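Dear colleague,

Please find below the structure that I am handing over to you. My notes on what was found in it follow directly after.

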Amino acid sequence: MKYFKLCIIAIATAAFMTACGQKDKTNTTAPTGQDAQNAAPVVSVVTAQAEDVDITNTFTSNVEPYATNNIVSQTAGRIVSIKVEVGDKVRKGQLLATMDDVNLAKTRMQYVNDSTELARLTELYNIGAVAQADYDMAKLALNITKKTYYNLAENTYLRSPINGVVTARNYDKGDMYSMTQPIFVVQQIQPVKLLINVSESLFSQVHEGMEFDIDVDSYPGEIFKGKVNLLYPTVSATTHTFPVEVVCQNADQRLRPGMFARVTANFGTNHHVVIPDIAVVKQMGSGEHFVYVLQPDNTVKYTLVELGKRLGNRYEIVSGINEGDRIVTEGQVRLKDGVSVTVK
């Protein structure tokens, strides 16, 4: 019985000591519940600074050949020979294919006969033995035969009209040319051109010879130089843009027709405020963006801003805040307009 009483006393003592410890612990912890919710949010701020920002615009386009020629014959006929293949570089005037020359041979004979006949009549005309009308008729016949002969020769011996690359061949040697598609396609790729659509707000700033930077996915990190070659004189009433032709010399012929390209130009500089991107919050359900500006009384003001260029991990601010404003960069989740904050 005595042992039992001692156990009861020990248990009671332990319970008392535990209760005292819990009471002390409770008294030393931070406020919770409603007190914690009423505490001022802790935020980080940065002072907005203004700097010169390049006014650059980037346009998308596709690389196009400077010139494209479809090599055809004016008349249907048998293809006697093929001289080049797809991918071959050709020179202006180089023979690409030969057509059947039966008609050309006949016209050549006629040309020779008409030349001989005119020479004979010229001698007679000089001594007054041939009428003026007969002499003029012979000259006209020779001129017609000559033009026909050279036209047939041009359409029998098919030559490249430009320096370029053969990008298509649609017939083989011995095929009957049916005039449904060209025998060859030759494209000039030195230089190449790109057609971009520029906003009408920049109409007065674009001029012939203006330089553009060109980059393509095929050569990451490389910049090719181009210049404005042609400005179209009208602005689209639908898109409010105007076409501009940019030419790149492409001396090494690395740019090829069909490549996707980005064309960038510098239109000067603006002196605008620049702030960290983490300070900018996108408003849900709209395309608007805002920041919280710290006021002198340590409250924050909800402020809509117009974004400009993204500069790495910073944004150019076109309007909404001024240089020297203190902008919240951390802790925006608990903020709303007019809330008091603690700056850490």
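Axes are lines fitted to C-alpha atoms, for helices over the stretch in contact, with angles from 0 to 180 degrees between N-to-C directions; contact means heavy atoms within 4.5 Å.

Please note that this is a predicted model, in which local features need pLDDT of at least 70 and side-chain atom pairs count only at pLDDT 80 or more, while totals for chains, interfaces and linings use all residues. Residues are numbered from 1 along each chain as its sequence is written, and side-chain values use heavy atoms, with hydrogens and water left out.

Two strands pair if DSSP finds at least two bridges between them; strand 4 and strand 6 (residues 95-99) are joined by three. Within strand 6, Ala 97 stands opposite Ile 82.

Helix 4 also contributes to the largest pocket, giving the most to its lining with three residues. Strand 4 (77-82), helix 3 (102-126) and helix 4 (132-156) each supply at least two lining residues. By class, the lining has four nonpolar, six polar and two charged residues.

Gly 87 is in the loop between strand 4 and strand 5 (89-90). Leaving aside neighbours within four places in sequence, Gly 87 is in contact with Val 165 and Val 166. Its C-alpha atom is separated by 8.2 Å from that of Ala 168, 81 residues apart along the chain.

Most residues other than glycine have a negative phi, and most peptide bonds are trans. Gln 190 and Pro 191, however, are joined by a cis peptide bond with omega of about 10°, and Pro 191 lies in strand 10 (residues 184-199). Met 179, in the loop between strand 9 and strand 10, has a positive phi of about 70°. Gln 253, in the loop between strand 13 (241-248) and strand 14 (260-276), has a positive phi of about 55°.

Note on methods:
Helix = DSSP H or I, 4+ residues; strand = E, 2+ residues; numbered from the N terminus. Nonpolar A, V, L, I, M, F, W, Y, C, P; charged D, E, K, R; others polar.
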